[in-house]
Amino acid sequence: MDSAFVDRAWDKWVTGNLGSSGSPLKAAVLINYDPTGPSRLLSTIAEQEGIDLYPVELKQFIDFMRRGNLPTETFVLGSNQYIITSIHENWFAARCLNTTQPAGEGAIVMQTAVYVLVALYDGSIGSASRAMAAADHFASQLSRKNL
């Protein structure tokens, strides 16, 4: 795995997509994840920006991913609970159930060969489209390197 490439690509991607007014994302997390690996192989947070996840929260999310019951379960990230709204081949979209934002909050979760990217955004349909484009851009960079 080329961690130097991932670090550089993450830093460049975060600079253009998180943190400033008008950015498509409010937070993002990159998780090492191998769904074919043994269960004793722990997933770790490779990168995160705008949110602080702890190992217990990460374990619950990874367990959710491994169970594969996406349409019938919810998942928790930070203090927010999400329900899946659409499922696609390598990604899914979710909406926050306990948001305090008037326009709502959502998540785009994309899986590559060895990572899961979670991109969080505020807003509704237009915001979701922008978040999806931003997440897809980064996931494509990882996929080109088979990561």
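Tutor: The expected span of a helix is 1.5 Å times one less than its number of residues, and helices (H or I, at least four residues) and strands (E, at least two) are DSSP runs, numbered from the N terminus. This is a predicted model, in which local features need pLDDT of at least 70 and side-chain atom pairs count only at pLDDT 80 or more, while totals for chains, interfaces and linings use all residues. Residues are numbered from 1 along each chain as its sequence is written, and side-chain values use heavy atoms, with hydrogens and water left out.

Let us begin with helix 3 and then turn to what surrounds it. Helix 3 has 20 residues, and from its first C-alpha to its last it reaches 28 Å, close to the expected 28 Å. Its buried residues (buried means under 20% relative accessible area, exposed over 50% and partly exposed in between, with a 1.4 Å probe and protein chains only) are S127, A128, A131, M132, A134, A135, F138, A139, Q141 and L142. Helix 1, strand 1, strand 5, strand 6 and strand 7 are among the elements that cover these residues, where covering rests on contact, that is, heavy atoms within 4.5 Å. Just after helix 3, N146 has a positive phi of about 60°.

Helix 1 is one of the elements covering helix 3. Running over residues 3–17, helix 1 has 15 residues and reaches 20 Å between its first and last C-alpha, close to the 21 Å expected. F5, V6, A9, W10, W13, V14 and N17 are the buried residues of helix 1. They cover an arc of only 150° around the axis, which puts them on the same side of helix 1; the arc is that of the directions from the helix axis to the C-beta atoms. An α-helix has 3.6 residues a turn, so residues three or four places apart point the same way. The face of helix 1 turned away from its buried side carries the exposed residues R8, K12 and T15. On the buried side, the cover includes strand 1 (27–32), strand 2 (45–49), strand 7 (115–122) and helix 3 (125–144).

Leaving out residues up to four places away in sequence, L30 touches V6, W10, T44, I45, A46, E47, Y115, V116, L117, F138 and L142.

Rings of Phe, Tyr and Trp (its six-membered ring) pair if their centres lie within 6.5 Å; planes under 30 degrees apart count as stacked, over 60 as edge-to-face and the rest as tilted. The structure holds nine aromatic pairs. In one, the rings of W10 and W13 have centres 5.4 Å apart and planes at 50°, so the pair is tilted. W10 and W13 both lie in helix 1, three residues apart, about one turn of the helix. W10 counts as buried because its relative accessibility is 2%, and W13 is buried with a relative accessible area of 3%. The rings of F64 and F75 also form a tilted pair, because their centres are 5.1 Å apart and their planes lie at 35°. F64 belongs to helix 2 (residues 55–67) and F75 to strand 3 (residues 74–77), so this pair ties together parts 11 residues apart in sequence. Both F64 and F75 are buried. Ring pairs link F61, F64, F75, Y82 and F92 into a cluster.

In helix 2, E57, L58, F61, I62, F64 and M65 are buried. Their arc around the axis is only 155°, which puts them on the same side of helix 2. P55, V56 and K59 are exposed on its other side. G68 follows helix 2 with a positive phi, near 70°.
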